[in-house]
Each structure stands twice: as structure tokens, then as C-alpha cells.
Amino acid sequence: MANEWIGVDRRAKEYDRMFSGLLSRLDEEASSLIRRYSGNPLTPMLEYAMGGGKRLRPLVAVLMNEAVGPGAASPYPASMIPELLHTISVVHDDIIDEEVARRGREPFHRVYGIGRSLVLADFAFSIILDIASSYGRAGVGMMGPVSRAAMMMAEGEEREMELISRGEASRDEYFEVIGLKTASLFEVAAELGAILSATPELIEPASAFGWHLGMCYQMADDLEDMRGGSKKELVNLVRPALTGKELLDRMESECTKAQDALEKIS
């Protein structure tokens, strides 16, 4: 892996081929979620914000549930929790970064305005609470990990804004921020899958798998930004202290750790 990089686009196509059926099922779950709140004026806005997503975090939740051993409750509704957290992050990121495009169309704030971008977060968090409460006692166990992930995500946003304002970042700061912003959501996705499984005691290795997978994912994305992304991109603030080769090596290490965590589950 450290000697070859084939790019995110090609890997995304492989991802679609491998999980096409499950991804369609997750898209159906997202549509069902939207229909459930169809009477709310914010629902069409949420549908726009969630449109075009890869559903990777929900996929982690569902696959982890399957790997650990399915429980009595379906993981599909819960899988939308990390997707909603991610949606909030994307909407706010686009405002902060002054983006003009997202997933091949205008970002949310350019369509609906900054005010509604803020209100959308309140709406999404209320839905997250609604989803968790629908699981009864198991839902209570979800709230600790979900709350932690939301706080980490917010802290990561703040840390990144500080670094962008400063115009530079150290290697340690870069890895800290991608852990807070990205790995935290993959981690909670895997944890939710484990919580709803037949063996919730395996939440620790599930959590470790999600964290290390999230680190790998963000570094893969950042390798593309190293090849021509904006100077505002976090990974470009840490260059030349962080090289592409070092990033590939770190990815390989994180992938190995993710695989090690999976071995404790299987």
C-alpha cells in the first residue's frame, strides 16, 4: 500500500461494486427517514443536505452489527445517526471553507442560506434523539457514544478553524484534528452496530476498528488534496513537514490496526 496509490475515485467505484445492494438498502433507509418527518418544513432541506452521500458510516454500522452477530433490533435506523452527524459536519464545513460546490451541486448554505444551515443542525439532532429513543433501553446505551462523537466533531471543527486562521499546522495537530472530525464518526458507527448486536460486550474492538478505519479514510481523501487542493485544506497547511509518502505509511499502519481489531471480533 505504501508504494502505490490508485486514487479515491477508483476506490469509490470498487466500493460501489462490492456493496451495491447494501448501499441501496441504506439509501432506502435514508428515504424512509425523510418520509417520517415529511410534515416538517425543514425536511426537504435535510433531504437536500443528505443527498449524494456515500453512506459509508451507515455501512460501517450495519456491517459491524453483522460481524459481531445480529441482535433482535435492526441496525438500519441507528445507522442513520452517524450519517446525520456527518451531514451536519458537511453543511458547516462548507460554510467555513466558503465552498461553491458539493457532490456536483451547490452546497447547502448557497441554496438555503446560513441561517437555515444552523437551524438544520437543531433539526438533525432532534431526529437523532428520536431514533435513539425508538430503541428503548438499548437507545439509552447509544447516547453516551453519540454524545461523545458529537462533542469531538465540534471540537475538531474549532481546532481546524484555529489552524486555518493561523495559516499553518504541525503534524501532531493534523492527526489530532482528523481524529476528532472524521475518525470519531466512524468509531461511533461501529459502536452502534456492536451495541445492537447479540454480543455488545465486543464494543471495544468494534470501536477501535471504526477509529482506525476513519483515520485511513481521511488520509486517503487528503492524499488527493495534496495533489492540487486548496491551501486552506488542513493537509496542505502542514506541508512540507508531512509528505505524501509519510501519509501513505501512516495509512498502512492505521489499516493494520483496523485489521487487528477485526481479528478480536471474528
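**Helix H11 in its setting**

Reply: In this predicted model, residues 24 or more positions apart account for 77% of the contacts in the chain with a separation of 6 or more. The chain has 11 helices and 0 strands. For its 266 residues, a compact globule would have a radius of gyration near 18 Å, and the chain, at 18 Å, agrees with that. Its C-alpha atoms fill a box of roughly 50 × 45 × 35 Å along the principal axes. Buried residues make up 49% of the chain. The accessible surface is about 12600 Å², and carbon and sulfur atoms hold 53% of that area.

The part to look at is helix H11, residues 244-265. With 22 residues at 1.5 Å a residue, H11 should span 32 Å, and its end C-alpha atoms are 32 Å apart, which agrees. The buried residues in H11 are Leu247, Leu248, Met251, Glu254, Ala258, Ala261 and Ile265. Seen down the axis of H11, these residues fall within an arc of 135°, so they line one face of the helix. An α-helix has 3.6 residues a turn, so residues three or four places apart point the same way. On the face of H11 turned away from the buried side are the exposed residues Lys245, Gln259, Glu263 and Lys264.

What does the buried side of H11 pack against? Its buried residues pack against helix H3 (56-68), helix H8 (171-195), helix H9 (203-226) and helix H10 (234-237).

Arginine 148 is partly exposed at 27% relative accessibility, whereas glutamate 191 is buried at 4%. Arg159, Glu162, Arg166, Glu173 and Glu176 are linked in a network of salt bridges.

The count for salt bridges comes to 18. Among them is the pair of arginine 102 and aspartate 94, whose closest N and O atoms are 2.7 Å apart. Here arginine 102 is partly exposed, with a relative accessible area of 29%, while aspartate 94 is buried, with 3%. Another joins the side chains of arginine 110 and glutamate 106 at 3.5 Å, N to O. In that pair arginine 110 is partly exposed at 44% relative accessibility, and glutamate 106 is partly exposed at 38%.

Note on methods:
Residues numbered from 1 in each chain as written. Predicted model: local features only at pLDDT ≥ 70, side-chain atom pairs only at ≥ 80, totals over all residues. Heavy atoms only, no water. Helix = DSSP H or I, 4+ residues; strand = E, 2+ residues; numbered from the N terminus. Expected span 1.5 Å × (residues − 1). Buried < 20%, exposed > 50% of the residue type's maximum accessible area, 1.4 Å probe, protein only. Arc of directions from axis to C-beta. Contact = heavy atoms within 4.5 Å. Rg over C-alpha atoms; globule rule 2.2 N^0.38 Å. Areas by Shrake-Rupley, 256 points an atom, 1.4 Å probe, with all protein chains shown as cover. Salt bridge = Lys/Arg side-chain N within 4 Å of Asp/Glu carboxyl O.
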